[in-house]
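Welcome! Try each task yourself before reading on.

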Amino acid sequence: MTSMTQRSSGLVQRRTEASRTATDKDREVGREEPEPRGGEELDHDDSGDCKETRLTLMEEVLLLGLKDREGYTSFWNDCISSGLRGCMLIELALRGRLQLEPCGVRRRGLLSRKVLCKSDAPTGDVLLDEALKHIKETQPPETVQSWIELLSGETWNPLKLHYQLRNVRERLAKNLVEKGVLTTEKQNFLLFDMTTHPLTNNNIKQRLIKKVQEAVLDKWVNDPHRMDKRLVALLFLAHSSDVLENAFAPLLDEQYDLAMKRVRQLLELEPEAESEKANTNEMLWAVVAAFTK
């Protein structure tokens, strides 16, 4: 399907110098953020800032894709829907709820192995718990590729349409409203009214953008297994969702070229080989394989 193909081109148009200046001014605004919710762990690269609001992978990808003032994603982005479902699988795996079935003696490929429920303990996130419930109750189990399609509603089987998670972007945006990142407004588009969620806390988004930029610039280590797994997942899924370019738009030309070169290095990795290395997460690389195959 179109939404599952690798997007190495077709990136959004870069901002003008004027918008770069505006972004630089925004970065100068410093505000302390609310404490993370109880039981939520901090990213490794955020351990020095205990005041940062904790976002899920889905929320981070959506925030990168949202237009700050308009409060909605691009109408032309047909990749973000499946990308968000991929985020859910990785988020659940990182939280110890999902795993891939054993590879077996003949060592089956990542995309042929089924997704298993490791723990059905609630995550505290409604979307994640809904996806986890579907996966737990489905017999026989499905593969990563199948779950991305089923949760997105991209199936020709009418008996499986109930797996589709509906209004995902709107529900994620409401989560961000509750966390003080976005606000809610109504906009009139001639024939209909639409609920939008403009950015209200620019400081949090700039921290996210800085984290993504530093991962492929100042803090680049040229080895995904030495990087925080959540950050590696964010880079891959933001690219698959066609929103990674938004984080690189404010960069100078030389920085932009270097950042994109290193992203391409990540995209050229072989998921099967990477999943066999020590201290890895097989679900992460299975999702990467689903989007880059």
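## Getting started

The protein chain holds 12 helices and four strands. Please keep in mind that this is a predicted model.

**Exercise 1. Work out whether glutamate 142 is buried or exposed, and find its partners.**

Solution. 
- Step 1: Locate the residue. Glutamate 142 sits in the loop between helix H4 (126-137) and helix H5 (144-152).
- Step 2: Apply the cut-off. Buried means under 20% relative accessible area. Glutamate 142 has 14%, so it is buried.
- Step 3: List the neighbours. Not counting residues up to four places away in sequence, glutamate 142 touches Lys114, Val115, Trp147, Leu150 and Lys160.
- Step 4: Check for a polar partner. The side chain of glutamate 142 makes a polar contact of 3.0 Å with the side chain of lysine 160.

**Exercise 2. Follow one of those neighbours, lysine 114, and say where it lies and how accessible it is.**

Solution. 
- Step 1: Lysine 114 belongs to the loop between strand E1 (98-100) and strand E2 (115-117).
- Step 2: Lysine 114 is at 28% relative accessibility, so it counts as partly exposed.
- Step 3: Leaving aside neighbours within four places in sequence, lysine 114 is in contact with Gln99, Leu100, Glu101, Pro141, Glu142 and Thr143.
- Step 4: Compare sequence with space. Lysine 114 and glutamine 145 are 31 residues apart in sequence, while their C-alpha atoms are 9.5 Å apart.

**Exercise 3. Explain why H5 is described as largely enclosed by the rest of the structure.**

Solution. 
- Step 1: Count the buried residues. Seven of the nine residues of H5 are buried, so this helix is largely enclosed by the rest of the structure.
- Step 2: Name them. The buried residues in H5 are Val144, Gln145, Trp147, Ile148, Leu150, Leu151 and Ser152.
- Step 3: Find what surrounds them. These buried residues pack against helix H3 (80-94), E1, E2, H4 and helix H12 (282-292).
- Step 4: See what comes next. Glycine 153 follows H5 and has a positive phi, near 80 degrees.

**Exercise 4. Examine the backbone at proline 140, asparagine 167 and aspartate 242.**

Solution. 
- Step 1: Proline 140 is in the loop between H4 and H5.
- Step 2: Asparagine 167 is in the loop between H5 and helix H6 (168-178). Although asparagine 167 is not a glycine, its phi is positive, about 55 degrees.
- Step 3: Aspartate 242 is in the loop between helix H8 (229-240) and helix H9 (244-248). Its phi is also positive, near 60 degrees, in a residue other than glycine.
- Step 4: Set their accessibility side by side. Asparagine 167 is exposed, with a relative accessible area of 58%, whereas aspartate 242 is buried at 13%.

Note on methods. Residues are numbered from 1 along each chain as its sequence is written. This is a predicted model: local features need pLDDT of at least 70, side-chain atom pairs count only at pLDDT 80 or more; totals for chains, interfaces and linings use all residues. Side-chain values use heavy atoms; hydrogens and water are left out. Helices (H or I, at least four residues) and strands (E, at least two) are DSSP runs, numbered from the N terminus. Buried means under 20% relative accessible area, exposed over 50%, partly exposed in between (1.4 Å probe, protein chains only). A polar contact is a pair of N or O atoms within 3.5 Å; within protein, one must be able to donate a hydrogen and the other to accept it, and residues adjacent in sequence count only if both atoms are side-chain atoms. Contact means heavy atoms within 4.5 Å.
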